[in-house]
Amino acid sequence: VSLDFAVHKDVTVTPEVHAKFDDTFKGGILVKGDYHWNSLIGIPSNWDFYAGARVGFDFGDSGLDPDIGIQVGGRWYWSEKWGLNVEFGGGTGFGTTVGLSMKL
């Protein structure tokens with residue numbers, strides 16, 4: 001679960017709470033910063049491509065572990081409000097996120 005806050009027309013800051021399912025359950029809390037490439041590359045408004053960095057912590061059976069890394073992702077909005085989101089990340093925590101996006 002995450003919520004993007006625009007700090008500039010092309011930059012967002014995003015708090016996130018997530019769950020990871022490896023051999024055991026892990027949870028995490030982090031903050032991401034992303035640059036959205038839409039206006040720079042001139043793509044239609046129903047698409048959103050972004051890249052950025054993150055910092056936070058994962059917790060679970062192994063204790064508290066840092067989660068520091070980068071991500072790249074994109075969204076496709078099929079309506080004015082709803083879209084699909086895919087994100088790939090790497091660093092001390094690595095994961096792929098697939099989900100729904102809703103514009104508030």
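User: How much space lies in the largest pocket?

Analyst: In this predicted model, the largest pocket holds about 1,100 Å³ of space. Of the 45 residues that line this pocket, the closest to its centre are Ser-2, Asp-4, Arg-75, Asn-85 and Ser-101.

User: And which strand gives the most to the lining of the largest pocket?

Analyst: That is β7, which gives eight residues to the lining.

User: How many nonpolar, polar and charged residues has the lining of the largest pocket, by class?

Analyst: Sorted by class, the lining has 16 nonpolar residues, 16 polar residues and 13 charged residues.

User: Let's turn to the strands. In what order do the seven strands form the sheet?

Analyst: The seven strands form an open sheet in the order β1-β2-β3-β4-β5-β6-β7, and their pairing is antiparallel. Strands β1 (5-8) and β7 (95-102) stand at the edges with a single partner strand each, so one side of each is left without a neighbour in the sheet. On average, and with direction ignored, neighbouring strands of this sheet are turned by 30° against each other.

User: What do strands of a sheet pair through?

Analyst: Strands of a sheet pair through backbone hydrogen bonds, and the pairing can be either parallel or antiparallel.

User: Over how many bridges do β4 and β5 pair?

Analyst: Strand β4, residues 47-60, pairs with strand β5, residues 63-77, over 14 bridges in the antiparallel sense.

User: What about β2 and β3, over how many bridges do they pair?

Analyst: Strand β2 (residues 11-21) and strand β3 (residues 25-36) pair over eleven bridges, again in the antiparallel sense. Here you can look for Pro-15, which has Val-31 as its bridge partner in β3. Strand β3 is also joined to β4 by eleven bridges, and these two strands run antiparallel, with Gly-33 standing opposite Ala-53 in β4.

User: What kind of pair do Trp-47 and Trp-76 form?

Analyst: Trp-47 and Trp-76 form a tilted aromatic pair, with 6.4 Å from centre to centre and 40° between the planes. Trp-47 lies in strand β4 and Trp-76 in strand β5, so the pair ties together parts that are 29 residues apart in sequence. Trp-47 is partly exposed at 33% relative accessibility, and Trp-76 is partly exposed with a relative accessible area of 33%.

User: Which residues do ring pairs link into a cluster?

Analyst: The cluster linked by ring pairs consists of Trp-47, Phe-49, Trp-76 and Trp-78.

Methods
Residues are numbered from 1 along each chain as its sequence is written. This is a predicted model: local features need pLDDT of at least 70, side-chain atom pairs count only at pLDDT 80 or more; totals for chains, interfaces and linings use all residues. Side-chain values use heavy atoms; hydrogens and water are left out. Two strands pair if DSSP finds at least two bridges between them. Helices (H or I, at least four residues) and strands (E, at least two) are DSSP runs, numbered from the N terminus. Axes are lines fitted to C-alpha atoms, for helices over the stretch in contact, and angles run from 0 to 180 degrees between N-to-C directions. On a 1 Å grid over the protein atoms alone, a cavity is a set of points where a 1.4 Å probe fits but cannot get out, and a pocket is an open set with protein on both sides within 12 Å along at least five of seven lines; lining residues have an atom within 4 Å of a point. Grid points are joined across faces, edges and corners, and a volume is the space filled by probe spheres set on the points. Ala, Val, Leu, Ile, Met, Phe, Trp, Tyr, Cys and Pro count as nonpolar, Asp, Glu, Lys and Arg as charged, and the others, Gly among them, as polar. Rings of Phe, Tyr and Trp (its six-membered ring) pair if their centres lie within 6.5 Å; planes under 30 degrees apart count as stacked, over 60 as edge-to-face and the rest as tilted. Buried means under 20% relative accessible area, exposed over 50%, partly exposed in between (1.4 Å probe, protein chains only).
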